[in-house]
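Please keep the sequence and the three-dimensional view at hand while reading.

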Amino acid sequence: TFPLLLKYNGTSLQWQVALTYIRSPYTNQDYFYNISVDSFDNIYVSGQISKLTTISGTQYPVSCALVAKYNSSGTLLWQQNVQNDSGLPSSAYSTYASAAAVDNLGNYFVTCYNLNTGANGALFKYNTDGTKNYSKLFTPETRISSIDTSNNLYFSGYTNQLVSPYN
């Protein structure tokens, strides 16, 4: 399967794009999980690529989260591999984009999760041209839930114990 994005206007399908690529071996574990739309109607998607994959000449490693930006017509503007530089293990089937949001400046935030440990999450920030600005590791797992008009980020998740200053 290939990650798929559709635009529907309530009456009919406007367009659809599938992220197609060369992969070995074939698997059906590739998805877009999250969609966000900015104030210019650009579409941001994030998900998971589960096997060694080549997309538009760029090789992506085994089991990585993927983020991409499309314009309102469905044209791909950029795509990035969410690299495991925040301390997340890079073992197979370990990382996927669990949640995402875009702020009013067009910055795209994506939280990733480790399927093997179930204990770590990471936040990645991309600017409007797809450059990663920063990444941060969270323990326990958290997911970005919302961004307010002042660009404050809100997260949800779970924990087995409260951490300072809340305990």
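The account below treats the hairpin, the nonpolar cores, and then several individual residues of this predicted model.

**The hairpin of strands 1 and 2**

Strand 1 (residues 4–8) and strand 2 (residues 13–18) run antiparallel and are joined by five bridges. Within this pairing, Lys7 stands opposite Trp15 of strand 2. Four residues lie between the two strands of the hairpin, where Gly10 takes a positive phi near 100 degrees.

Gln14 also belongs to strand 2. Its relative accessibility is 40%, so Gln14 counts as partly exposed, the class between 20% and 50%. The side chain of Gln14 is joined to that of Ser12 by a polar contact of 3.3 Å. When neighbours within four places in sequence are left aside, Gln14 is in contact with Lys7, Tyr8 and Asn9. Gln14 and Ser73 are separated by 59 residues in sequence, and their C-alpha atoms are 8.6 Å apart in space.

In soluble globular proteins, nonpolar side chains tend to be buried together. The largest nonpolar core here has 14 residues, and those touching the most other members are Val67, Val82, Tyr108, Val110, Phe124 and Tyr126. Two or more residues of this core come from each of strand 8 (64–70), strand 9 (76–82), strand 10 (95–102), strand 11 (108–114) and strand 12 (121–126). A second, separate core contains 10 residues, among them Trp15, Val17, Phe32 and Leu66.

Val67 illustrates the surroundings of a member of the largest core. Apart from residues within four places in sequence, Val67 is in contact with Val45, Ser46, Trp78, Gln79, Gln80, Val82, Tyr108, Val110 and Tyr126.

Asn34 is located in strand 4 (residues 31–37). Is Asn34 buried or exposed? With a relative accessible area of 12%, which is under the 20% limit, Asn34 is buried. Its side chain makes a polar contact of 2.9 Å with the side chain of Ser46. Beyond its neighbours within four places in sequence, Asn34 is in contact with Tyr44, Val45, Ser46, Ala97, Ser98, Ala99, Ala100 and Tyr108.

Asn42 is found in the loop between strand 4 and strand 5. Asn42 is likewise buried, because its relative accessible area is 12%, under the 20% limit. Residues up to four places away in sequence not being counted, Asn42 touches Ser36, Val37, Lys69, Tyr70, Asn71, Ser72 and Leu77.

Which residues take a positive phi although they are not glycine? Asp41 does so, with a phi of about 65 degrees, and Asn151 also has a positive phi of about 65 degrees. Asp41 lies in the loop between strand 4 and strand 5 (43–49). Asn151 is found in the loop between strand 14 (142–147) and strand 15 (153–157). Both are partly exposed, Asp41 at 46% relative accessibility and Asn151 at 23%.

**Accessibility of the residues discussed**

The table gathers the accessibility values given above.

| Residue | Relative accessible area | Class |
|---|---|---|
| Asn34 | 12% | buried |
| Asn42 | 12% | buried |
| Asn151 | 23% | partly exposed |
| Gln14 | 40% | partly exposed |
| Asp41 | 46% | partly exposed |

Methods: Residues are numbered from 1 along each chain as its sequence is written. This is a predicted model: local features need pLDDT of at least 70, side-chain atom pairs count only at pLDDT 80 or more; totals for chains, interfaces and linings use all residues. Side-chain values use heavy atoms; hydrogens and water are left out. Buried means under 20% relative accessible area, exposed over 50%, partly exposed in between (1.4 Å probe, protein chains only). A polar contact is a pair of N or O atoms within 3.5 Å; within protein, one must be able to donate a hydrogen and the other to accept it, and residues adjacent in sequence count only if both atoms are side-chain atoms. Contact means heavy atoms within 4.5 Å. A nonpolar core is a set of buried Ala, Val, Leu, Ile, Met, Phe, Trp, Tyr and Cys residues joined through side-chain atoms within 4.5 Å. Two strands pair if DSSP finds at least two bridges between them.
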